Amino acid sequence: MSRTVVVAGVGPGLGSSVAREFAADGANVALLARSADYLETTAEEITNAEPGTALPVPTDVSDADAVTAAFERIRDRFGSVDVLVNNVTISQGSSGGILSVTDDDLAGALEVRVAGQFRCAKAAAADMAADDGGTIIFTTSQTAIVPSENVAYAAARHAVRGMAKSMAADLGDRGIQIVHAVVDGWIESPELRAQYPDHDRWMDPDDIAVTYRQLADHPETVHTSELDLRHPGDDLSF
């Protein structure tokens, strides 16, 4: 029976690569993001090219009702969720020190990066707890571990790490693996390539996606709690 995989935060970089990797493994994959047009195109490409099926589910994760409706639609189409990859991000509220960051910056970062991922994780965990377990992966950056002057961004990243670790303590004995994945490097995407043409140490999102798919195949007696992913040869930052 095919696994049901949800990728929350599907864009031209890591999110779409993760969706393709799981679909190539035969999974039914639901794609969540706000951009309906991009999701429709990506889902069609994946379904036509891979053994698995991709379902576009346009969703604003800052809207609790929208997240509830999205997971209901996914269950109706594919059944209960086996894997969730939380890759939600936001461009606003991601920079600025304490003297320049605004209340709205902080609220926006926490609402999407933290509360949005919380909603998706809670919906997926309910399925996994009632079934045979599963895997939830949270993607963050080194800012979840080390200090940063970007207050709103750092606060959200640290909060996600704390949430992942708390969920692991709560749900591990139910067979639910909660992974905090620290991607400490530049994930290649068309937008970043155009913005930083001289950068030459890109992390291929397809390679990260392979690692994520392998994490979901964890053995029964071993869970991964935290994972550090970086470009080969890069110095440890923490």
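In this predicted model, helix α4 spans residues 103-130 and comprises 28 residues. From its first C-alpha to its last, α4 reaches 39 Å, close to the 40 Å expected at 1.5 Å a residue.

Helix α4 packs against helix α5 (residues 151-171), with the two axes 8 Å apart and at an angle of about 20 degrees. Angles under 35 degrees count as roughly parallel, and α4 and α5 are therefore roughly parallel to each other. The crossing in which α4 passes α5 is right-handed. On the α4 side, the contact is formed by Asp105, Leu106, Ala109, Leu110, Arg113, Val114, Gln117, Phe118, Ala121 and Ala125. These residues meet Ala152, Tyr153, Ala155, Ala156, Arg157, Ala159, Val160, Met163, Met167 and Leu171 of α5. By class, the contact of α4 with α5 contains 16 nonpolar residues, one polar residue and three charged residues.

Helix α1 (residues 14-24) takes part in a contact with helix α2 (residues 36-49), where the axes come within 10 Å and cross at roughly 30 degrees. This angle makes α1 roughly parallel to α2. The crossing of these two helices, α1 and α2, is right-handed. The α1 residues involved are Ser16, Ala19, Arg20 and Ala23, which meet Tyr38, Thr42, Glu45 and Ile46 in α2. The residues of this contact between α1 and α2 divide into four nonpolar, two polar and two charged.

Helix α1 also packs against helix α7 (residues 205-216). The axes of α1 and α7 come within 8 Å and cross at roughly 50 degrees, which makes α1 oblique to α7. The crossing of α1 and α7 is right-handed. From α1, the residues in contact are Leu14, Ser17, Val18, Glu21 and Phe22. Their partners in α7 are Pro205, Asp206, Ile208, Ala209, Val210, Tyr212, Arg213 and Ala216. Nine nonpolar residues, one polar residue and three charged residues make up the contact of α1 with α7.

Technical notes. Residues numbered from 1 in each chain as written. Predicted model: local features only at pLDDT ≥ 70, side-chain atom pairs only at ≥ 80, totals over all residues. Heavy atoms only, no water. Helix = DSSP H or I, 4+ residues; strand = E, 2+ residues; numbered from the N terminus. Expected span 1.5 Å × (residues − 1). Axes fitted to C-alpha atoms, helices over the stretch in contact; angles between N-to-C directions. Parallel < 35°, antiparallel > 145°, perpendicular 65-115°, else oblique. Left-handed = near helix turned anticlockwise from the far one by under 90°. Contact = heavy atoms within 4.5 Å. Nonpolar A, V, L, I, M, F, W, Y, C, P; charged D, E, K, R; others polar.
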